[in-house]
Amino acid sequence: MTTPENPQSVYEAVGGEETFARIVRGFYAQVPEDDILGPMYPQDDWEGAEQRLKWFLAQYWGGPQTFNERRGAPMLRRRHIEFPVNREAALRWLELMRNSLDQIDEETIPPTYRHAIWEHMERAAAMLINQPD
Ligand code: HEM
């Protein structure tokens, strides 16, 4: 957490680029085979999708502004309107992300940071629901 005593970003504190790459790699390793999420994603651009999520998360937690540079302002809700995100899909997204985070040891992502990252994901997933179950 950024504090006056420790002006380090969460991004740096959890290991920067490599850690965010691991988070999204573990997530996307499960998506293509997922019955709910799999069909929603661009079947010919898994690598691109993985990169975009990594850029976003890294930027959100204080890393390089690559997402803004390459994709523009996040506007996540608008970017998800074209996908059928109901509560079930949001819960599944979180489940796969949870699996991925759980594979990363506590030394790399200490509990405080893990909690903050998770809370943000839960909030974002809830905000992206755009249709009833
Ligand atoms: C709630 C369930 C969710 C579903 C079903 C979902 C689905 C998708 C799909 C199908 C894409 C297109 C993949 C691509 O081409 O980039 C996408 C993109 C993206 N999603 Fe999600 N998503 C969900 C939650 C989230 C959450 C919680 C976040 C952030 C914490 C997030 C961040 C992003 C970002 C940054 C992109 C790339 C946008 C772009 O560059 O245009 N998504 N999502």
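α3 gives the largest share of the lining of the largest pocket, 5 residues. The model is a predicted one, and its ligand sits in that largest pocket. The protein has 7 helices and 0 strands.

**The largest pocket**

- The volume of the largest pocket is about 720 Å³.
- Its lining is made up of 26 residues, and those nearest the centre of the pocket are Tyr28, Tyr41, Leu53, His80 and Phe83.
- Two or more residues of the lining of the largest pocket come from each of α3, α4, α5, α6 and α7.
- By class, the lining of the largest pocket holds 20 nonpolar, 2 polar and 4 charged residues.

**The shell around the ligand**

- The ligand is surrounded by 22 residues, of which Arg52, Arg71, Arg79, His80 and Trp93 are the closest.
- The shell around the ligand divides into 18 nonpolar, 1 polar and 3 charged residues.
- α3 again gives the largest share, with 4 residues of the shell around the ligand.

**Arginine contacts to the ligand**

- Arginine 52 places a polar side-chain atom 2.8 Å from an oxygen atom of the ligand.
- For arginine 71, the distance from a polar side-chain atom to an oxygen atom of the ligand is 2.7 Å.
- For arginine 79, a polar side-chain atom and an oxygen atom of the ligand are 2.9 Å apart.
- The elements that contribute two or more residues to the shell around the ligand are α3 (46-60), α4 (66-71), α5 (76-80), α6 (87-102) and α7 (111-127).

**Overall fold and dimensions**

- Read from the N terminus, the order of elements is α-α-α-α-α-α-α.
- The radius of gyration of the protein is 15 Å, close to the 14 Å that the globule rule gives for 133 residues, so the protein is as compact as a globular protein of that length.
- The C-alpha trace of the protein spans about 45 × 30 × 30 Å along its principal axes.

Key. Residues numbered from 1 in each chain as written. Predicted model: local features only at pLDDT ≥ 70, side-chain atom pairs only at ≥ 80, totals over all residues. Heavy atoms only, no water. Near = heavy atom within 4 Å. Polar contact = N/O pair within 3.5 Å; in protein donor to acceptor, adjacent residues only side chain to side chain. 1 Å grid on protein atoms, 1.4 Å probe; cavity = no way out; pocket = protein on both sides within 12 Å on 5 of 7 lines; lining within 4 Å. Sits in = over half its atoms within 2 Å of the grid points. Nonpolar A, V, L, I, M, F, W, Y, C, P; charged D, E, K, R; others polar. Points joined across faces, edges and corners; volume = space filled by probe spheres on them. Rg over C-alpha atoms; globule rule 2.2 N^0.38 Å.
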